Amino acid sequence: MATFIENCNTVKIASVLDEAIRLSLFSFSLVGEAKRWLHSFKGNSLKTWEEVVEKFLKKYFPESETAEGKAAISSFHLFPNESLSEELERFRDLLRRTPTHGFSEPIQLNLFIDGLRP
């Protein structure tokens, strides 16, 4: 989702809100079942970007997966013979795989630092 937002932020049209651009372009970022899911909403039933994000995350990141992801993030720890950059990439990967984790940036930083301690 973050990459999609980043891509959308490269498009600026006078008098067009960022939200309208996101709503217009989102279907082009989807394929297969996800695209069919989005098109299953009739007309303009999804009126805001927040509604789209909420429904998408609820559909494709159910609470059970979110709980597993949050547990993995919370229990992050140092692996033997792993460099700091590898550690950081592994931690970022956990965050990306669970976009609904809900951890603020300060909490994420604390979890990462705590995971570096033996």
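Arg-97 is exposed, at 52% relative accessibility, where exposed means over 50% relative accessible area, buried under 20%, and partly exposed in between, with a 1.4 Å probe and protein chains only. I start with this residue and work outwards. Before that, the ground rules. This is a predicted model, in which local features need pLDDT of at least 70 and side-chain atom pairs count only at pLDDT 80 or more, while totals for chains, interfaces and linings use all residues. Residues are numbered from 1 along each chain as its sequence is written, and side-chain values use heavy atoms, with hydrogens and water left out.

Which residue forms a salt bridge with Arg-97? Asp-93 does, with the closest N and O atoms 3.1 Å apart; a salt bridge here is a side-chain nitrogen of Lys or Arg within 4 Å of a carboxyl oxygen of Asp or Glu. Asp-93 counts as partly exposed, at 30% relative accessibility. Both residues sit in helix α6, residues 84-97, and they are four residues apart, about one turn of the helix. Helices are DSSP runs of H or I with at least four residues, numbered from the N terminus. An α-helix has 3.6 residues a turn, so residues three or four places apart point the same way.

The structure holds eight salt bridges. Among them, Glu-82 bridges to Arg-90, with the closest N and O atoms 3.1 Å apart. Another joins Asp-18 to Lys-12, where the closest N and O atoms are 3.2 Å apart. In that pair Asp-18 is partly exposed, with a relative accessible area of 33%, and Lys-12 is exposed, at 58%.

Back to α6 as a whole. Its 14 residues reach 20 Å from first C-alpha to last, close to the 20 Å expected at 1.5 Å a residue; the expected span is 1.5 Å times one less than the number of residues. Which residues of α6 are buried? They are Glu-87, Arg-90, Phe-91, Leu-94 and Leu-95. Seen down the helix axis, the buried residues of α6 fall within an arc of 140°, so they line one face. The arc is taken over the directions from the helix axis to the C-beta atoms. The face turned away from that buried side carries the exposed residues Ser-85 and Arg-97. On the buried side, packing is against α5 (63-74) and α7 (105-116), with contact meaning heavy atoms within 4.5 Å.

Next, α4, residues 49-60. Twelve residues at 1.5 Å each should span 16 Å, and the end C-alpha atoms of α4 are 16 Å apart, which agrees. Buried in α4 are Trp-49, Val-52, Val-53, Phe-56 and Leu-57. These cover an arc of only 120° around the axis, which puts them on the same side of α4. Glu-54 and Lys-58 are exposed on the other side. The cover over the buried residues of α4 includes α1, α2 (18-25) and α3.

That leads to the cores. A nonpolar core is a set of buried Ala, Val, Leu, Ile, Met, Phe, Trp, Tyr and Cys residues joined through side-chain atoms within 4.5 Å. The largest one has 13 residues, of which Phe-4, Phe-26, Leu-30, Leu-38, Trp-49, Val-52 and Phe-56 touch the most other members. Helices α1 (2-8), α3 (32-39) and α4 each supply at least two residues of this core, and α4 gives the most, with five. Apart from it lies another core, of eight residues, among them Phe-76, Leu-94, Leu-95 and Phe-103.

Last, the aromatic rings. Rings of Phe, Tyr and Trp (its six-membered ring) pair if their centres lie within 6.5 Å; planes under 30 degrees apart count as stacked, over 60 as edge-to-face and the rest as tilted. By this rule the count comes to eleven aromatic pairs. Trp-37 and Phe-41 form an edge-to-face pair, 5.1 Å centre to centre with 85° between the planes. Trp-37 is buried, with a relative accessible area of 9%, whereas Phe-41 is partly exposed at 25%. Phe-76 and Phe-91 have ring centres 4.9 Å apart and planes at 65°, so that pair is edge-to-face. It links distant parts of the chain, 15 residues apart: Phe-76 is in the loop between α5 and α6, and Phe-91 is in helix α6. Phe-76 and Phe-91 are both buried. Ring pairs also link Phe-4, Phe-26, Trp-37, Phe-41, Trp-49, Phe-56 and Tyr-60 into a cluster.
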